[in-house]
Amino acid sequence: LVPALNDLLIANPSPAAVSRFRMGWLKQVKEPTPSLGSMTDPTYLPKSQYGTVTRFGGNLYDVDNSLNIWSSGLWVSTGTGSSAAMAAAGGMLMDATSDNLQYLIREHMIENAVNKDEMKDQDNALFKPGEKMHLRWNSQKGRIFIDGSHLYHNLELGDEILIDANAPPLALFTRDD
């Protein structure tokens, strides 16, 4: 996908529907040295504490601190996008020149969760360049809206998404008043 200037909204295309996804953080795993016949051996891949190993761009990753989410979607914003929809939804205002990204789980359904306070602490946070967020889409249909509703990418059950802050820098021209 193209880099976003302001924000991403990852949600069900219907505003009345629930979005289900698993969110976690990717940690690159060193590829094991294959031995003869090991590519077909199920013990070939490294073991994760949660059993979740995935690939992006040919690189092997372990999904760390994974959280299953039922909500109305996920906002991800840059510094320039944090003052609009992200702020209106309860996110933090960021400096426009920040290299960080911010995420906010929208209307997270945690009412009956045993670890409600722990889950609520993970609803809104910043992540830095170099950190990689992983989403596995667990609803039948979904959509990634990029900087509004005019540019989007459809999602299907099982799609995996990597989100990072490694886009090229943007030159900002501002007035000093």
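Trainee: Which residues make the nonpolar surface patch of about 270 Å²?

Mentor: Leu 5, Leu 170 and Leu 172 make that patch. Keep in mind that this is a predicted model.

Trainee: Where does Leu 5 lie?

Mentor: Leu 5 belongs to the segment before β1 (7–11). Its relative accessible area is 42%, so Leu 5 is partly exposed.

Trainee: Switching to charges. How many salt bridges does a search of the whole structure find?

Mentor: The search finds one. The partners are Lys 132 and Asp 164, and their closest N and O atoms are 3.8 Å apart.

Trainee: Which strands do Lys 132 and Asp 164 lie in?

Mentor: Lys 132 is in strand β8 (residues 132–137), while Asp 164 is in strand β11 (residues 160–164). The pair therefore ties together parts that are 32 residues apart in sequence.

Trainee: Is Lys 132 buried or exposed?

Mentor: Lys 132 counts as buried, because its relative accessibility is 17% and the cut-off for buried is under 20%. Asp 164, with a relative accessible area of 27%, is partly exposed.

Trainee: Now the rings. How many aromatic pairs does the structure hold?

Mentor: Five. One of them is Phe 21 with Trp 137: the ring centres are 6.0 Å apart and the planes are at 5°, so this pair is stacked.

Trainee: What parts does that pair tie together?

Mentor: Phe 21 sits in strand β2 (residues 19–28) and Trp 137 in strand β8, so the pair ties together parts that are 116 residues apart in sequence.

Trainee: And are Phe 21 and Trp 137 buried or exposed?

Mentor: Phe 21 is buried, with a relative accessible area of 1%. Trp 137 is buried too, at 0%. Another pair is Trp 25 with Tyr 103, which is tilted because the planes are at 55°, with the ring centres 5.9 Å apart.

Trainee: Where in the chain are Trp 25 and Tyr 103?

Mentor: Trp 25 is in strand β2 and Tyr 103 is in strand β6 (residues 101–106), so this pair links distant parts of the chain, 78 residues apart. Both Trp 25 and Tyr 103 are buried.

Trainee: Which residues do ring pairs link into a cluster?

Mentor: The cluster is made of Trp 25, Tyr 103 and Phe 127.

Trainee: Last one. What sits over the ring of Tyr 152?

Mentor: The charged end of Arg 143 does, 4.2 Å from the centre of the Tyr 152 ring.

Conventions:
Residues are numbered from 1 along each chain as its sequence is written. This is a predicted model: local features need pLDDT of at least 70, side-chain atom pairs count only at pLDDT 80 or more; totals for chains, interfaces and linings use all residues. Side-chain values use heavy atoms; hydrogens and water are left out. A salt bridge is a side-chain nitrogen of Lys or Arg within 4 Å of a carboxyl oxygen of Asp or Glu. Helices (H or I, at least four residues) and strands (E, at least two) are DSSP runs, numbered from the N terminus. Buried means under 20% relative accessible area, exposed over 50%, partly exposed in between (1.4 Å probe, protein chains only). Patches are made of residues with over 30% relative accessible area and no salt bridge: like charges are joined within 9 Å, nonpolar side chains (Val, Leu, Ile, Met, Phe, Trp, Tyr) within 5 Å. Accessible areas come from the Shrake-Rupley method with a 1.4 Å probe; for residues, only the protein chains shown count as cover. Rings of Phe, Tyr and Trp (its six-membered ring) pair if their centres lie within 6.5 Å; planes under 30 degrees apart count as stacked, over 60 as edge-to-face and the rest as tilted. A charge sits over a ring if NZ of Lys or CZ of Arg is within 6 Å of the ring centre and within 35 degrees of the ring normal.
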